[in-house]
Amino acid sequence: MEILYANYLKNPLYTYLYHDHILPETTIKFDSYMVHEAELNVGDLRLLKTDMPLFLPKNTHIRLLITSSDVLHSWAVPAFGVKVDAVPGRLNQTSLYLKNTGTFYGQCSELCGVNHAFMPIEVYVVNPVHFYNYVYIYFKNYTGDPASLSR
Ligand SMILES: [Cu+2]
């Protein structure tokens, strides 16, 4: 899985890319933006809720490749113990092995510009048995709030 950053100066976002043929002959690429304060639902976390979370399976060895397309950023999720610099022109790598399901949050932790505070990370860790179903449902058919999917 690769984490890319793009168009930061216009809209702060993370672009996530699943390389590993999660769906047959498919590479999944999507953008993840912060949900604006005015659009939050009750219970959503301000400055942390995204319109498209990253799904990851638990009990699975995961490789992250991280880069940037504009300035220095840092992909940091404290609950995972992970903080990796995103550097233009470089590909940084780290690995994850997640033991619990749930929703986890992080933020860019490099002072990257005026929108630094508005590029959160939201990760849904799900059971690997259901991971393919989640991704398939979410990216092929599902249009509602992914939080409503049971884990
Ligand atoms: Cu940043």
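In which sense do strand β6 and strand β9 pair, and over how many bridges?

Modeller: Bear in mind that this is a predicted model, where local features need pLDDT of at least 70, side-chain atom pairs count only at pLDDT 80 or more, and totals for chains, interfaces and linings use all residues. Residues are numbered from 1 along each chain as its sequence is written. On to your strands: β6 (residues 73-77) and β9 (residues 102-108) run antiparallel, with two bridges between them. Strands here are DSSP runs of E, at least two residues, numbered from the N terminus, and two of them pair if DSSP finds at least two bridges between them. Look at Trp75: its bridge partner in β9 is Cys108.

Zooming out, the pair belongs to an open, mixed sheet of five strands, ordered β4-β10-β9-β6-β7. On average, neighbouring strands are turned by 25° against each other, direction ignored; the axes are lines fitted to C-alpha atoms.

Now the loops around β4. Leu47 sits in the one between β3 (28-32) and β4, and its phi is positive, about 70°, although it is not a glycine. Leu47 counts as partly exposed because it has 15 C-beta neighbours inside 10 Å (20 or more would be buried, 12 or fewer exposed, with C-beta atoms placed from the backbone). In the loop between β4 and β5 (61-66) you'll find Asn59, a non-glycine residue with a positive phi near 50°. Asn59 has 13 such neighbours inside 10 Å, so it counts as partly exposed.

Technical notes. Helix = DSSP H or I, 4+ residues; strand = E, 2+ residues; numbered from the N terminus. Axes fitted to C-alpha atoms, helices over the stretch in contact; angles between N-to-C directions.
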